[in-house]
Amino acid sequence: MSSTATITDATPPQLGHRLTAARLPRWAPAATAAASIAVGCGIGAAAGLESHVQWGLISALLFLVVSYTLSASVEGRRQARDRFATSLVWVSFVCAVVPLVSLTFYTVQQGIDAISPEFLTHSMKGVVATLSPDGGIYHAIIGTIEQVLLATLIAAPIGLLTAVYLVEYGRGRLASAVTFFVDVMTGVPSVVAGLFILSLWNIALGFEYSGFSGSLALAILMMPVVVRSTEEMLKLVPNELREASYALGVPRWKTILRIVIPTAIGGITTGVMLAVARITGETAPVMMLVFGADFINSDPFNGPQQSLPLYIWQQYSQINNDFGYQRAWGAALVLIAFVMGLNLVARAIARWRSPKGGH
Amino acid sequence: MTSAPPADARGRARRSRGDSRRGDNVFFNLSRGSGVLLLVVMAAIAGFLAYRSLLALGKNEGNFLTTFEWTPDATKPVFGIAVLTFGTLVSAFIAMVIAVPIAVGIALFISHYAPRRIAQPFAYLVDLLAAVPSIVYGLWGVLFLVPHMDGLTSWMDQYLGWTYVFDQSSTGVPPRNLFTVGILLAIMVLPIITAVTREVFRQVPRMHEEAALALGATRWEMIRTAVLPFGRPGIISASMLGLGRALGETIAVATVLSTNSVLSLHLLDPGGGTFAQNIALKFSEAQPLGRDALMASGLVLFVITLLVNGAARMIIARRKEYSGAAA
């Protein structure tokens with residue numbers, strides 16, 4: 001633009017003219033960030049603000065304003081806007097990291113004290129929970145494992161078969177209806193699933209509280225997740241494999257069982273494990289249907305059981321003192337470790353055995 | 001062992017073809033059956049809840065939509081969803097206002113801003129955090145977040161109190177209010193919104209971005225003109241998925257919020273309630289009518305989340321076709 005101007009004005013190019021516009025040095029954003037954090041904390045401390053949330057907010061605001069004005073004065077408005085957007089994105093990154101890191105650290109820090117061999121191998125039977133720090137989560141671990149296992153046994157085959165139907169057979173209105181409602185079903189609140197099983201299983205059919213009725217509700221929550229992930233995996237299986245199998249005269253069902261599913265089994269396992277991880281932490285349906293117990297009940301079909309999320313909730317809401325909190329944090333740490341472990345293993349399997357290529 | 005296949009082998013071939021047809025039939029019907037079962041479950045959820053709700057609504061002596069109290073087991077049963085609707089919508093609204101911009105920021109960070117070395121592990125971390133159980137969020141919320149919100153709420157009361165919404169009528173109580181719940185919900189739905197938005201941003205045609213940069217756009221101008229318009233339906237549907245989560249969140253809200261059946265626009269005052277939280281808390285003491293009343297409120301929640309999720313999915317589905325054409 002400036003070159004056309006120089007030609008029409010016919011002024012000779014100036015020797016000292018710089019080809020590039022002025023830029024802030026590379027370290028400027030980092031320096032701005034450090035300075036604003038320092039000043040923000042300074043203001044917070046000076047004004048005697050107790051909440052560190054405010055310190056952070058002041059720093060973030062300072063960072064945004066300073067980086068904009070600094071850039072606007074040196075580089076011009078367009079660059080300043082760009083810098084502002086970049087700063088905003090970084091601030092949102094920090095906004096996300098802070099609570100998440102705090103959650104993890106706080107849980108570990110609070111829970112690690114509670115965990116001991118006794119805590120993991122004893123139930124709450126005979127423990128005066130409000131007055132003593134004794135007792136443990138053994139019964140809750142057993143309950144959680146049994147309920148989740150039963151739910152998986154119900155949900156995984158149904159979910160897998162539904163996904164096979166959608167990918168291998170699904171045409172027409174039924175298939176699109178199933179696809180749509182599977183998607184919608186992922187959003188069913190857990191408390192609604194609990195209410196449904198309550199009205200069907202416990203009220204209409206007259207069954208008592210048991211681990212199994214909790215599993216039914218968990219299965220409802222789990223099915224759509226399994227369908228979604230399995231569907232994605234089956235779609236990744238290359239069509240050439242199916243065609244080669246048909247060309248050899250292998251019937252369709254055998255092709256699906258022996259070729260398609262084994263090819264995608266890594267991804268399917270991952271999907272099921274992620275779904276398991278998701279339902280392990282569900283509290284509301286378990287609270288309504290499993291009821292909770294202080295003793296070990298290893299029979300999921302008879303009588304109330306305990307489960308880890310429910311245990312945490314009861315320790316918090318019913319005991320509601322430091323003993324209860326400590327046990328709650330201990331159980332929370334075990335629960336998080338279990339869920340995260342499941343996640344990590346699932347993703348490792350996905351990486352290890354994912355179908356490559358295809359379309 | 002001659003060139004013509006013996007009768008025995010031919011018979012076996014026919015039999016195995018018959019087997020395979022039967023096998024195909026069985027397998028097809030099994031898989032279609034489980035698809036149908038899912039539809040039946042959805043229909044049954046709606047049907048059973050509707051049936052129990054009708055039982056409860058027949059005995060309700062107040063107006064279900066406008067009543068504040070929730071006393072279905074009293075001698076004169078009165079219950080209504082006014083407070084619950086307000087609390088659910090307001091807390092979800094606060095969560096959305098906070099979470100959506102931050103989630104879009106994080107998604108942009110992962111897809112366009114972060115150095116590759118940070119982006120990958122961070123995306124992974126965000127996915128992991130979607131798996132943290134909500135009871136743990138609740139415990140953290142009430143024992144860590146609530147004490148830390150104290151300063152912020154009193155500060156907002158002091159400087160923003162004139163807006164009425166942020167006016168605190170009683171100071172010194174722990175901020176177990178709808179505002180804190182909104183912030184907690186925002187943290188909880190952040191991962192899902194980020195994950196979906198990030199995927200959409202990744203699909204932006206590289207040519208669009210490079211064309212914008214080649215025309216001299218700064219990075220922000222490139223994002224504003226190429227990435228955001230392409231990703232807008234994705235952002236909308238991701239937000240609605242997050243909204244569905246926030247509306248249905250039960251146990252985290254139940255731990256953090258202190259309940260009373262007061263409908264107050266002062267968001268910083270403790271109290272209020274949401275559908276899911278009300279069900280979780282009132283359930284254990286509920287008599288048969290009380291349970292049916294809770295099912296009525298559950299039905300309302302079910303319908304709301306169904307609408308929100310259905311709309312989100314429809315937007316995503318439309319986008320899918322479009323992006324397939326553009327890619």
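How many of the 359 residues of chain A, in percent, count as buried? I looked that up first.

**Entry: burial.** I got 46% buried for chain A. Buried here takes 20 or more other C-beta atoms within 10 Å of a residue's own, with C-beta atoms placed from the backbone.

**Entry: what I'm looking at.** This is a predicted model, where local features need pLDDT of at least 70, side-chain atom pairs count only at pLDDT 80 or more, and totals for chains, interfaces and linings use all residues. Residues are numbered from 1 along each chain as its sequence is written, and chains are lettered from A and ligands numbered from 1 in the order written.

**Entry: elements.** I found 14 helices and 0 strands in chain A. These are DSSP runs (H or I, at least four residues, for helices; E, at least two, for strands).

**Entry: overall shape.** Chain A has a radius of gyration of 29 Å, while a compact globule of 359 residues would come near 21 Å. That radius is taken over C-alpha atoms, and the globule rule is 2.2 Å times the number of residues to the power 0.38. Along the principal axes, I see the C-alpha atoms of chain A filling a box of roughly 95 × 70 × 35 Å.

**Entry: annotations.** An unreviewed UniProt entry puts "domain: ABC transmembrane type-1" at residues 141-346 of chain A; such annotations may be inferred rather than shown by experiment. I checked that stretch: 80% helix, 0% strand, end C-alpha atoms 21 Å apart.

The unreviewed UniProt entry also lists "transmembrane region" spans in chain A, including 148-167 and 259-279. I read residues 148-167 as 100% helix, with end C-alpha atoms 27 Å apart. Residues 259-279 are 100% helix too, with their end C-alpha atoms 30 Å apart.

Technical notes
A residue is buried if 20 or more other C-beta atoms lie within 10 Å of its own, exposed if 12 or fewer, and partly exposed in between; C-beta atoms are placed from the backbone.
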